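Reader: Hi! I'd like to walk through this one with you, starting with the surface. Could you show it to me?

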Amino acid sequence: MVSCLDPSSCGIGRSISSAPHLFTPSVRAGIGIDADDFRLSPTASSNRFTFHLLRADAPLIQGYWSLRRNIFCSEQHVFEASDCDDLDAIAYPIAAVHHSSEPAHDDGVETDVVGVVRIVETEPRLWYGGRLGVHSDFRRHNQIGKGLIWKAVTTANGWGCDRFLATVQIQNVRFFRRLHWTSIDQLEIRGIPHHLMEADLNYYLPSCEQRPFASHHLSTAA
């Protein structure tokens with residue numbers, strides 16, 4: 001699992017790292033990531049995964065909270081009962097969705113949240129990514145981590161971001177560098193080496209995702 005942290009995550013422990021080699025953009029029924037995202041892999045496409053900014057009333061929001069809790073509480077034991085914090089009141093949740101061929105919903109397709117990340121503007125035009133994780137059953141699908149990072153940074157860039165940062169565990173630094181991130185500082189969080197890293201916004205072209213009104217993205221886990 002690829003992971004990056006945000007300013008609230010000084011208690012984060014070690015996580016399993018994967019190093020994706022190929023990104024497959026998702027173009028399911030015109031949703032997911034924008035056409036510009038094909039620059040990561042111009043000849044690739046997939047109907048299996050899409051990446052979505054979630055509103056507080058989105059049908060997938062409970063899956064987002066559940067997966068976060070499973071990764072950071074049940075699996076990594078970073079937190080006790082909940083990984084929620086004050087930043088969730090101003091953060092924007094993003095989910096990676098797996099589209100199964102098994103009929104389950106009205107559209108004949110079952111969907112499951114298999115990856116999570118949040119983005120938060122901590123100061124005007126300064127954004128952080130954090131709570132990045134992938135469901136344990138899907139970590140072999142290397143494109144999910146890349147897709148979540150791409151969706152996170154391009155979304156913030158489209159909303160006037162000047163800098164996009166994350167604190168990245170040292171075993172994941174090389175992966176982030178391949179995705180056009182630069183290390184700007186080294187630090188320790190609970191004795192674990194991290195790099196503070198910054199995304200190259202010239203690479204992560206701004207998306208056309210509309211920024212919800214503040215009242216539309218305030219949310220807390222049930």
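Author: Happy to! First, a word on terms: accessible areas here come from the Shrake-Rupley method with a 1.4 Å probe. Also keep in mind that this is a predicted model.

Reader: Good. What does the accessible surface of the protein come to, then?

Author: About 10200 Å², and carbon and sulfur atoms account for 50% of that.

Reader: And what share of the residues is buried?

Author: Of the 222 residues in the protein, 54% are buried.

Reader: Thanks. How many helices and strands are there?

Author: There are 4 helices and 8 strands. Along the sequence they follow the pattern β-β-α-β-β-β-α-β-α-β-β-α.

Reader: What about contacts in the protein: how many of those with a separation of 6 or more are between residues 24 or more positions apart?

Author: That share is 66%.

Reader: Let's pick a helix. How far does H2 reach from its first C-alpha to its last?

Author: Helix H2 covers residues 143–158, 16 residues in all, and spans 22 Å. That is close to the 22 Å expected at 1.5 Å a residue.

Reader: Why is H2 described as largely enclosed by the rest of the structure?

Author: Because 15 of its 16 residues are buried.

Reader: And what follows H2?

Author: Glycine 160 does, and its phi is positive, near 90°.

Reader: Are tyrosine 92 and tryptophan 127 buried or exposed?

Author: Both are buried.

Reader: Which residues form an edge-to-face pair?

Author: Tyrosine 203 and tyrosine 204 do, at 5.1 Å centre to centre with 85° between the planes. Tyrosine 203 counts as buried at 14% relative accessibility, and tyrosine 204 is buried too, at 1%.

Reader: Nice. Which residues form an aromatic cluster?

Author: Phe164, Phe175, Phe176 and Trp181 form one together.

Reader: Last one from me: which charged end sits over the ring of phenylalanine 72?

Author: That of arginine 131, placed 6.0 Å from the ring centre.

Technical notes:
Residues are numbered from 1 along each chain as its sequence is written. This is a predicted model: local features need pLDDT of at least 70, side-chain atom pairs count only at pLDDT 80 or more; totals for chains, interfaces and linings use all residues. Side-chain values use heavy atoms; hydrogens and water are left out. Buried means under 20% relative accessible area, exposed over 50%, partly exposed in between (1.4 Å probe, protein chains only). Rings of Phe, Tyr and Trp (its six-membered ring) pair if their centres lie within 6.5 Å; planes under 30 degrees apart count as stacked, over 60 as edge-to-face and the rest as tilted. A charge sits over a ring if NZ of Lys or CZ of Arg is within 6 Å of the ring centre and within 35 degrees of the ring normal. Helices (H or I, at least four residues) and strands (E, at least two) are DSSP runs, numbered from the N terminus. Contact means heavy atoms within 4.5 Å. The expected span of a helix is 1.5 Å times one less than its number of residues.
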